[in-house]
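Have a look at the picture and the sequence before reading on.

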2 protein chains.
Amino acid sequence: MEKRRTSKSSSKPGAQPKTLGAEAWLSEAWRALSELGVEGVRVEPLAARLGVTKGSFYWHFEDRAALLGALLDDWEQRATAAVIRAVDERCESPRERLFALIRMTTGAPEAPDVEHAVRAWGALDPAVRKRLHRVDARREAYVQALLVAVGVDEARAAMRARALYLALIGEYTRVAHGGAPTDRATWDELVQRMIER
Amino acid sequence: MEKRRTSKSSSKPGAQPKTLGAEAWLSEAWRALSELGVEGVRVEPLAARLGVTKGSFYWHFEDRAALLGALLDDWEQRATAAVIRAVDERCESPRERLFALIRMTTGAPEAPDVEHAVRAWGALDPAVRKRLHRVDARREAYVQALLVAVGVDEARAAMRARALYLALIGEYTRVAHGGAPTDRATWDELVQRMIER
DNA sequence: CGAGTTCAATACGGCACCGTATGGAAAAAC
DNA sequence: GTTTTTCCATACGGTGCCGTATTGAACTCG
């Protein structure tokens, strides 16, 4: 038959499968994306690194575009919900949540590369732009809500949430270039300035 | 002889030359870079857009790498000195200069694309990273100096200069994706917060 | 054990691009 | 007016990548 891409193997989590699954391709693709950008996500080099040939790839994926699409889906899901949940679980007061949010997002070691790669990608592909907009809007709204909860009035909160988020994007970009991460004191200073009435 | 790349033609500024110069290639390369990223700067497509063939390109440039190098030189020269000079000429008080600086940098319509493209490029090429570091350091130092001149103490000025500059990078990234530019009020709010004692 | 299913190897045609080699036309220098 | 220089066209070989087609090995299940 010519039906492929069923892929529910993987024996059991914990036993490394001697046969590749789609996730293996995905994770290699993530590495390539963050290190080389979208243009670095190529089928044959990926295959070489995985120690297989293209034959495997085209069994798991329709084509290269399908892989890129899968990357986006993966990112959009994890980029927002996970962080917000973690912050909400860990802290109570909105003030603590703000500081925790900044610490988490600026502390994750591989986040900048991924984030920057996706953004660089977005400058090239309109489909990626849309997702970026959604994610950005969601994150910014969350920050704004925290600021309001702290006591900043709506209008100012919107402006400061934007400012904070812009700085965060800037930091991702900066670190993605190998720049030294901005230290906690600087972030605290900024957040503090944004919080005050 | 096999000596090429002498290129001092261009008749006179004002008369459009019927024959291409290196600058024509450079400006097309800029467009490609900002629209498509480094990987979009390819010799043959550029030639097609200029209505000539590769033969022309390899007369003016050693190879593709030389073109990319020329782009970097061009950028580093214009990216810092020009803006600082303009601001210093136009305003007197450091406070005014700060607001003017932000307005100029966030107001230039093609700056975000160029800036973001160079930064995306920097994530891939270590040689580009170095230039980025230099430029970033110079810009940040300028902002810090302005903050100190306004009356912020050194330590805080360093942190706030960083924060401001990060936000600016973020804005470039944002706008490069087709996001709406952040409005003046938001910038003024941020700058104001960074200025206050 | 034989048949189907799952995953990968091999081999192929095609495209886009790089860089080189060589020749030609038009302008500049003599 | 011939020679030289300047700039571009044409043609070529080479590479890296995409996607398809076909075959084959290993595992699964009857």
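Predicted model: local features only at pLDDT ≥ 70, side-chain atom pairs only at ≥ 80, totals over all residues.

Let's start with the big picture. Chain A has 10 helices and 0 strands. Chain B can be laid on chain A by a turn of 180 degrees, with a shift of 0.0 Å along the axis and an RMSD of 0.1 Å. That's the relation of a two-fold axis.

**One chain on its own**

- If you walk along the sequence of chain A, you read the pattern α-α-α-α-α-α-α-α-α-α.
- Picture a box of roughly 65 × 30 × 30 Å along the principal axes: that's what the C-alpha atoms of chain A fill.
- Helix H4 of chain A covers residues 64-79, and both A:Asp74 and A:Arg78 lie in it.
- Those two residues sit 4 residues apart, which is about one turn of the helix.
- A:Arg78 and A:Asp74 form a salt bridge, with 3.6 Å between the closest N and O atoms.

**Two domains in chain A**

- How many residues of domain 1 of chain A are in contact with domain 2 of chain A? There are 6, and they touch 6 residues of domain 2.
- About 570 Å² is buried between these two domains of chain A, and carbon and sulfur atoms give 82% of that area.
- On the domain 1 side, A:Leu33, A:Ser34 and A:Val38 lose the most area to domain 2, together 61% of what that side buries.
- Looking for charged pairs between domain 1 and domain 2 of chain A? The rule finds 0 salt bridges there.
- By class, the domain 1 side that touches domain 2 in chain A has 4 nonpolar residues, 1 polar and 1 charged.

**Where chain A and chain B meet**

- Chain B puts 40 residues into the contact, and chain A puts in 40 residues.
- The size of an interface is often given as the accessible area lost when the parts come together.
- For chain B and chain A, the buried area is about 3200 Å², with 58% of it from carbon and sulfur atoms.
- Which three residues supply more than any others of the area that chain B buries against chain A? They are B:Leu166, B:His177 and B:Arg193, which supply 21% of it.

**Charges and polar pairs across the chains**

- A search of the whole structure turns up 40 salt bridges over all chains.
- Across the interface of chain B and chain A, the rule finds 8 salt bridges.
- A:Arg174 and B:Glu140 meet through their side chains in a salt bridge, at 4.0 Å from N to O.
- There are also 13 residue pairs in polar contact across the interface of chain B and chain A, with both residues at pLDDT 80 or more.

**Which helices do the touching**

- Several helices give two or more residues to the side of chain B that touches chain A: H1 (22-36), H7 (111-122), H8 (126-150), H9 (154-176) and H10 (184-195) of chain B.
- The largest share of that side of chain B comes from H9(B), with 13 residues.
- Sorted by class, the side of chain B that touches chain A has 16 nonpolar, 10 polar and 14 charged residues.

How values were computed: Residues numbered from 1 in each chain as written. Chains lettered and ligands numbered in written order. Heavy atoms only, no water. Least-squares fit on C-alpha atoms with pLDDT ≥ 70 in both. Contact = heavy atoms within 4.5 Å. Buried area = accessible area lost by both parts, 1.4 Å probe. Polar contact = N/O pair within 3.5 Å; in protein donor to acceptor, adjacent residues only side chain to side chain. Nonpolar A, V, L, I, M, F, W, Y, C, P; charged D, E, K, R; others polar.
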